[in-house]
Amino acid sequence: MRDFQLPDLMHRVFDAIDASDDVRARLAQRDRVMEVQIVVRRDDGSLAVLPGWRVQYDTTLGPAKGGVRFHPEVSPTEVTELAFWMTLKCALMNLPFGGGKGGVKVDPKALSPIELERLARGYVRGIFEVLGPDDDIPAPDVNTNGRVMGWMADEYSIIERRRQPAAVTGKPICLGGSAGRVSATGQGALHVLDAWLARQDRAPAETRVAVQGFGNAGAHFASLAHAAGYRVVAVSDSSGAVVREDGLDPGPLRAFKADGGHLADYDGAGCKTVGGDALLALDVDVLALAALQNAVTEDNVGDVRAGTVLELANGPVSPGADGALREREVTVLPDILVNAGGVTVSYYEWIQGRTGDYWDADTVAGRLKTRMDRTAAQVLDLAEEAAIPPREAAYRIAVGRIADAIDSRGNSTYFSG
Ligand SMILES: NC(=O)C1=CN([C@@H]2O[C@H](COP(=O)(O)OP(=O)(O)OC[C@H]3O[C@@H](n4cnc5c(N)ncnc54)[C@H](OP(=O)(O)O)[C@@H]3O)[C@@H](O)[C@H]2O)C=CC1
Ligand SMILES: O=C(O)CCC(=O)C(=O)O
């Protein structure tokens with residue numbers, strides 16, 4: 001397994017913002033990692049022992065914040081990389097959080113619902129001592145959802161012997177979740193795409209979009225983009241892609257998935273199914289990547305025909321592919337901006353949980369739009385002024401904020417927890 005390494009882009013950004021030696025040293029490595037073995041009693045009476053991690057990359061700006069991933073490929077290196085991106089994302093969005101992430105190496109599709117609940121609760125018991133509303137606040141990520149967050153929040157409250165709604169975000173609304181969190185990642189991405197296309201004078205109706213990944217981030221994005229008048233011509237899940245040249249309505253596809261269907265088996269009017277790789281090569285204006293890391297690498301970047309790549313997933317374009325797209329003048333709208341709607345509404349949920357003052361859906365939607373629009377404008381303006389890609393602009397803003405805090409704190413040895 002390779003170790004986490006700071007991307008080359010960070011060194012360029014350190015130079016561009018004239019970062020101090022303290023800043024370079026502090027951000028070169030994670031603050032803390034906790035590894036646990038989670039013991040889950042299977043329904044057949046056997047025991048599964050599953051490795052899990054929680055990484056706090058940097059907590060200079062506040063408690064660690066970030067999702068928990070259940071996936072067979074999860075590794076400490078991957079969780080560290082995801083926690084690093086969370087650190088930059090929270091800073092870019094000006095949230096009072098550092099970056100964290102969690103993961104369990106498991107195939108959740110092989111677990112029954114009660115086994116999944118045991119796993120979620122066991123994970124919280126395992127990492128309890130690093131968690132807390134002022135220390136580290138988990139949320140959903142790949143293969144975890146509101147239901148899983150509800151179990152995690154409940155387990156946390158049971159151990160503390162008092163209700164702690166701000167200890168976990170992304171919970172169901174009936175358990176203290178926030179209006180708008182479930183669609184927030186897709187909604188935030190749509191705000192960024194709208195902002196970018198408005199600068200190109202391009203209308204949604206003349207914009208063809210393909211979406212890789214049809215889970216929380218991708219399916220909500222596809223539905224919201226369709227509702228906003230974009231022509232969504234293809235969507236995919238891990239089984240394959242559905243294509244409809246005239247545009248498709250993601251609603252029936254979501255219902256099909258909710259009933260346990262795989263998109264490769266979808267048989268809707270005017271739709272055809274193709275392999276997942278074919279989606280990347282479609283002749284579209286926007287390729288929205290909402291599945292996993294490294295969907296586009298140096299091996300397949302030549303297939304991409306879209307003029308804009310929208311990163312809803314974390315790290316879906318490898319650094320090598322990013323450079324190749326830049327040479328071809330394909331604009332990559334970066335993950336730490338595009339998918340930041342999720343953590344932004346998680347922040348709103350944390351505030352609501354701490355204060356007991358719950359906001360209505362319009363209030364959440366309005367605040368999310370204001371923050372996404374403002375941050376997208378900052379990133380796109382800096383990219384234009386400095387003639388750098390939007391990712392580099394986003395990193396400069398984020399690292400600049402963390403750097404100011406590191407330098408202001410001086411010889412601090414404070415870690416959360
Ligand atoms: N949930 C959130 O709030 C946030 C999520 N993100 C990021 O968005 C990405 C997706 O997360 P999320 O939507 O929550 O996860 P989900 O588990 O809800 O959905 C993941 C989707 O990706 C699909 N998928 C997996 N592998 C492939 C593949 N090779 N090709 C096509 N589709 C594939 C899955 O298919 P299948 O349905 O067949 O399993 C599923 O539809 C991740 O990178 C995550 O870190 C970022 C910010 C916030
Ligand atoms: O909602 C959150 O706190 C974090 C979501 C997340 O994991 C991410 O943005 O990648």
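Which handedness does the β-α-β unit made by E6, helix H7 and E7 have? The unit is right-handed, and its helix, H7, covers residues 216–227.

Before I continue, please note that this is a predicted model. The protein has a mean pLDDT of 97, and 99% of its residues reach 70 or more. The ipTM of the model is 0.99, and its pTM is 0.97.

Strand E6 comprises residues 208–212, and its pairing with E7 is parallel, over five bridges. Within this pair, Val211 is placed opposite Val235 of E7.

Strand E7, residues 231–237, is mostly covered, with seven of its seven residues buried. For the burial label, the criterion is 20 or more other C-beta atoms within 10 Å of the residue's own.

E7 also pairs with strand E8, residues 240–243; here the sense is antiparallel, and there are four bridges. Ala234 stands opposite Val243 in E8.

How many strands form the open sheet, and in what order do they lie? There are seven, in the order E9-E8-E7-E6-E10-E11-E12, and the pairing is mixed. At the edges are strand E9, residues 272–274, and strand E12, residues 331–333, each of which pairs on one side only. On average, neighbouring strands of this sheet are turned by 20 degrees against each other, with direction ignored.

Thr308 stands opposite Thr331 in E12.

Finally, I come to the ligand. Which residues come nearest to ligand 2, out of the 14 around it? They are Gly67, Ala139, Gly342, Val343 and Ser346. The elements that contribute two or more residues to this shell are strand E3 (64–71), helix H3 (76–92) and helix H12 (341–355). Sorted by class, the shell around ligand 2 holds three nonpolar, eight polar and three charged residues.

That concludes my presentation. Thank you for your attention.

Key. Residues are numbered from 1 along each chain as its sequence is written. Chains are lettered from A and ligands numbered from 1 in the order in which they are written. This is a predicted model: local features need pLDDT of at least 70, side-chain atom pairs count only at pLDDT 80 or more; totals for chains, interfaces and linings use all residues. Two strands pair if DSSP finds at least two bridges between them. Axes are lines fitted to C-alpha atoms, for helices over the stretch in contact, and angles run from 0 to 180 degrees between N-to-C directions. A residue is buried if 20 or more other C-beta atoms lie within 10 Å of its own, exposed if 12 or fewer, and partly exposed in between; C-beta atoms are placed from the backbone. A crossover is right-handed if, with the strands pointing away from the viewer, the path from the first strand over the helix to the second runs clockwise. A residue is near a molecule or strand if its C-beta atom, placed from the backbone, lies within 6 Å of it. Ala, Val, Leu, Ile, Met, Phe, Trp, Tyr, Cys and Pro count as nonpolar, Asp, Glu, Lys and Arg as charged, and the others, Gly among them, as polar. pLDDT is the predictor's confidence in each residue, from 0 to 100.
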